[in-house]
Amino acid sequence: MSGFPLHPLSEVGFRFRPLLTEYGTEAGERFGWFVRSLMRPLVKGLAAGRFEGYVAQAGRRTAGIVAYAEYRGTARISLLHVGHEWRNRGVEERLLDATLADLRDDPARLPPRRILSEAMMVSHSNQDALWANRRFSVVPRLIMRTTLVRPATRTRMPLTRDAISRDGRPFRLRGWQAADVRPITEVLRRANGSSVDRDIYPELLDPEQAGAAVRGIAAGSCGRFDRRCTGVATTPDGTSIGVVLCSRCRPGEAFIVEVAVAPDWQGRGVGTALVARALDLLASRGVSDVSLGVTRANAAALRLYERTGFWCAGEFGSYSWTSEVESSDIHRPA
Ligand SMILES: CC(C)(COP(=O)(O)OP(=O)(O)OC[C@H]1O[C@@H](n2cnc3c(N)ncnc32)[C@H](O)[C@@H]1OP(=O)(O)O)[C@@H](O)C(=O)NCCC(=O)NCCS
């Protein structure tokens, strides 16, 4: 295809805002408006030149964009989008192939051990095949939503509650405190170590990256962090055993960013108690629409969300490619 020449992101200025706005609107309509909150760090990173990738040009306009970043052997493709005027002309394919050529085939570059993507693609009609044809595994993910009704009486919901686990152990639920970053990072890391999501979110297994993710969420990287509706579960002596992290996107809408329970406490009702508390508090504050994303194969999480009133509102794919070359076989420059 001779049209739509590709230019490295590093060589073009930040002149693709209309494309990003279109992506935010389309993905927001399809998956929920929390997508716009998730885009904030992406847009900031693009503006600051923190991503590599390409744009496809259509004359003076940007027809498509791919953006990725690599850290410690894992490359993550965060965005792959083509404007509606230029779809079905193989532009996504060219953008993705140029990216994969850089990452997998460039002899001058140490290839990543893993390439991951959860770009919520809305511009391609058969996105799973697009990735599968390039040797990526497809992990089906669901967007779940629930509608909340504001309680009729203006009773104040208690922010702290005592509860008993299904096997009789007492635990306590409370809101977020600044000192929670460290212990909750550890809960997330341990919970994800045995989760079906460990291959698509390997960052959560690394203490440093998991800590940065939790700090980022608390600082508003996924929408405005809601510290009151966010819940932390602790033992009576204050040891953290679970968390539900909540963010607000638009007025009346919230997004559950993470739910995690320490492995030795799973299956005892702690996750359900955390989500139920969060939904009660969100409803009492006038939130009527709550969304979250979950891997279809995560049976325990699906069971929890269905039981607390969520239904499946859409599907998207998470894509992962792992190098067959052991990292020790890769020649590392001295
Ligand atoms: C998902 C998670 C938060 C659930 O927390 P939890 O405290 O174990 O949840 P609960 O005990 O309240 O409820 C879990 C439900 O799933 C069921 N369950 C557990 N494992 C299951 C499995 N493999 N298949 C089917 N159902 C399963 C439990 O029996 C329970 O249902 P029940 O009450 O009807 O018996 C927890 O397992 C976890 O931290 N997992 C790792 C991180 C993760 O995947 N987070 C979700 C990201 S979207």
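This is a predicted model: local features need pLDDT of at least 70, side-chain atom pairs count only at pLDDT 80 or more; totals for chains, interfaces and linings use all residues.
Let us begin with helix α1, which covers residues 17-31. Its 15 residues reach 20 Å from the first C-alpha to the last, close to the 21 Å expected at 1.5 Å a residue. Which residues of α1 are buried? They are Leu19, Leu20, Tyr23, Gly24, Ala27, Gly28 and Phe31. These residues lie on the same side of α1, because they cover an arc of only 160° around the axis. If you turn to the other side of α1, you will find Pro18 and Glu29, which are exposed. The buried residues of α1 pack against helix α2 (34-47) and against the strands β3 (61-71), β4, β6 (137-147) and β14 (311-322). After α1 comes Gly32, with a positive phi near 125°.

Now try helix α6, residues 207-218. In α6, the buried residues are Ala210, Ala213, Val214, Ile217 and Ala218. They sit on the same side of α6, because their arc around the axis is only 130°. What do the buried residues of α6 pack against? Their partners are α5, β9 (224-225), β11 (240-248) and β12. Gly220 follows α6 and has a positive phi, near 105°.

## Strands side by side

Several strands can be followed from one to the next. Strand β7 (residues 161-164) is joined to β8 by four bridges, and the two run antiparallel. Within this pair, Ile164 stands opposite Pro170 in β8. β8 itself, residues 170-174, has two faces: Phe171 and Leu173 are on the covered one, while Pro170, Arg172 and Arg174 are on the uncovered one. β8 also runs antiparallel to strand β10 (residues 231-234), to which three bridges join it. Here Arg172 has Thr234 of β10 as its bridge partner.

β11 is mostly covered, with eight of its nine residues buried. Strand β9 is antiparallel to β11 as well, through two bridges, and Phe225 stands opposite Ser247 in β11. Finally, seven bridges tie β11 to β12, also antiparallel, and Val244 finds its bridge partner in Val259 of β12.

| Hairpin | Residues between the strands | Glycine with positive phi |
|---|---|---|
| β7 and β8 | five residues | Gly168, about 90° |
| β10 and β11 | five residues | Gly238, near 95° |
| β11 and β12 | four residues | Gly252, near 85° |

## A closer look at Thr74

Thr74 belongs to strand β4, which covers residues 74-82. Is Thr74 buried or partly exposed? It counts as partly exposed, because it has 18 C-beta neighbours inside 10 Å, and a buried residue would need 20 or more. Leaving aside neighbours within four places in sequence, Thr74 is in contact with Pro112, Arg113, Arg114, Leu116 and Pro202. Val214 is one of the buried residues of α6.

## Around the ligand

How many residues surround the ligand? There are 21, and the closest are Gln266, Gly271, Thr272, Ala299 and Ala300. Sorted by class, this shell has ten nonpolar, eight polar and three charged residues. Four elements each supply at least two residues of the shell: α5 (181-193), β12 (253-261), α7 (270-284) and α8 (299-307). Of the elements, α8 gives the most, with five residues.

Definitions and conventions. Residues are numbered from 1 along each chain as its sequence is written. A residue is buried if 20 or more other C-beta atoms lie within 10 Å of its own, exposed if 12 or fewer, and partly exposed in between; C-beta atoms are placed from the backbone. Two strands pair if DSSP finds at least two bridges between them. A residue is near a molecule or strand if its C-beta atom, placed from the backbone, lies within 6 Å of it. Ala, Val, Leu, Ile, Met, Phe, Trp, Tyr, Cys and Pro count as nonpolar, Asp, Glu, Lys and Arg as charged, and the others, Gly among them, as polar. Two residues are in contact if their C-beta atoms, placed from the backbone, lie within 7 Å. The expected span of a helix is 1.5 Å times one less than its number of residues. The arc is that of the directions from the helix axis to the C-beta atoms.
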